[in-house]
Amino acid sequence: MTTTLITNIGEIATNDPALGDGSPLGVLRDAALVIEDGRVAWVGPSASAPAADEHFDAGGRAVIPAFVDSHTHLVFAGERSAEFAARMAGEPYTGGGIATTVAATRAATDDELRAHTRALAGELLASGTTTFEIKSGYGLDVATEARILRIAREFTDETTFLGAHVVPAEYAHDRAAYVDLVCGEMLTACAPLSRWIDVFCDEGAFTGEEARRILEAGIAAGLLPRLHGNQLAHGPGAALAVELGVASVDHSTFLTDADVEALAGSDTVATLLPAAEFSTRSPYPDARRLIDAGVSVAIATDCNPGSSYVTSMPLCIALAVREMRMTPAEALHAATAGGACALRRDDIGRLSPGAWADIALLDAPSYLHLAYRPGSQLVSRVWKRGIAVVG
Ligand SMILES: [Zn+2]
């Protein structure tokens, strides 16, 4: 079995506090890493690196775990730049434009959807993301929801059934019938194609009672729950998320003190999506308040054509630091280990023995440059399961 030694790493963030400086990021300087059979076999000081079959010289640059993007809506057709321009001219974001994407997605062929998803997945990979989740939610009928998930599964194992994204226009006057469809025929068609079930529980989307019914139906069908909540207004999402033990409540902008306290005492991750607030010119969630209260936090892109047409985790890190009062260390941790936790994974998002060798090399001496040099392409090489896939 071939082993590869990455030498001359100026700085490595391992996300293993037992390695390196004892911080959650587990930073070591002048380090080396050994890859064996796609996994990290050894990490430590350069001086004590074991022998290996192949060598890669990192040239004194920084190495980080590849990003884990735990929230995307990657399979869709069309684009909504005109809606973005209108918003920047003063229109509020209401989520109503989702119908535009639903119409374009229903009309697209499988090959069109596949090619578009492939292009976006390529952008994710080039910016250092090796694991990403994909939600359905732009079909809103049985056939198209299942079609989206079938295509999503060609790109990731982390697929999420989001039939409850919004109530489609044809059910506007009979919401209950749409919830019945989601919990019935649509769930039956989509559950075999999904790991997760998600609901948009917010103003203009689904109520707490509707969300509870849908998540409980998904859990009964063997899916793991997650939730979009508290993005647009205070609401029941976060409390419901904690009550049902969902892996992650995503957005988490409008939280009461009781919500924050409940999250802090739970296993539910608060996934923050700063590119959505950036792209909709909306108030950012207060990451500082969440972290100081002891809530586990992740950062993800929310890549979608309406509220966050962003594939770059480095941009999200920069926004999290600049706009959400996270330290650069907290933001990197949230974009890697945090995302893994939001997907209930412990085999990614860290660079310590046993984890997959999903690694990003930065053209920079330190991970700090991710927030310090926003807009520059710093990710210069990416390994996925030990194979160089970028650079
Ligand atoms: Zn979303």
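The buried residues of helix 2 are covered by parts of the structure that include helix 4. Keep in mind that this is a predicted model.

**Helix 2 and its buried side**
- Helix 2 spans residues 98–107, and its buried residues are Ile98, Thr101, Val102 and Thr105.
- These residues cover an arc of only 105° around the axis, so they sit on the same side of helix 2.

**Helix 4 meets helix 5**
- Two packed helices are described by the angle between their axes and the distance between the axes.
- For helix 4 (residues 142–152) and helix 5 (residues 175–190), the angle is about 25° and the axes are 9 Å apart.
- Angles under 35 degrees count as roughly parallel, so helix 4 is roughly parallel to helix 5.
- The two helices make a right-handed crossing.
- Helix 4 brings Val142, Glu145, Ala146 and Leu149 to the contact, while helix 5 brings Glu185, Met186, Ala189 and Cys190.
- Sorted by class, the residues of this contact between helix 4 and helix 5 are six nonpolar, two charged and no polar.

**Helix 8: one side in, one side out**
- Which residues of helix 8 (residues 257–264) are buried? They are Asp259, Val260 and Leu263.
- Looking down the axis of helix 8, you would find its buried residues within an arc of 95°, so they line one face of the helix.
- The face turned away from that buried side carries Asp257 and Ala258, which are exposed.
- The buried residues of helix 8 pack against helix 7 (237–244), strand 13 (269–272) and helix 10 (287–293).

**Helix 7 meets helix 8**
- The axes of helix 7 and helix 8 cross at roughly 25° and come within 9 Å.
- That angle makes helix 7 roughly parallel to helix 8.
- The crossing of helix 7 with helix 8 is left-handed.
- Ala238, Ala239 and Val242 of helix 7 meet Asp259, Ala262 and Leu263 of helix 8.
- This contact of helix 7 with helix 8 has five nonpolar residues, one charged residue and no polar ones.

Terms used:
Residues are numbered from 1 along each chain as its sequence is written. This is a predicted model: local features need pLDDT of at least 70, side-chain atom pairs count only at pLDDT 80 or more; totals for chains, interfaces and linings use all residues. Axes are lines fitted to C-alpha atoms, for helices over the stretch in contact, and angles run from 0 to 180 degrees between N-to-C directions. Helices (H or I, at least four residues) and strands (E, at least two) are DSSP runs, numbered from the N terminus. Angles under 35 degrees count as roughly parallel, over 145 as roughly antiparallel, 65 to 115 as roughly perpendicular and the rest as oblique. A crossing is left-handed if the near helix is turned anticlockwise from the far one by less than a right angle, and right-handed if clockwise. Two residues are in contact if their C-beta atoms, placed from the backbone, lie within 7 Å. Ala, Val, Leu, Ile, Met, Phe, Trp, Tyr, Cys and Pro count as nonpolar, Asp, Glu, Lys and Arg as charged, and the others, Gly among them, as polar. A residue is buried if 20 or more other C-beta atoms lie within 10 Å of its own, exposed if 12 or fewer, and partly exposed in between; C-beta atoms are placed from the backbone. The arc is that of the directions from the helix axis to the C-beta atoms.
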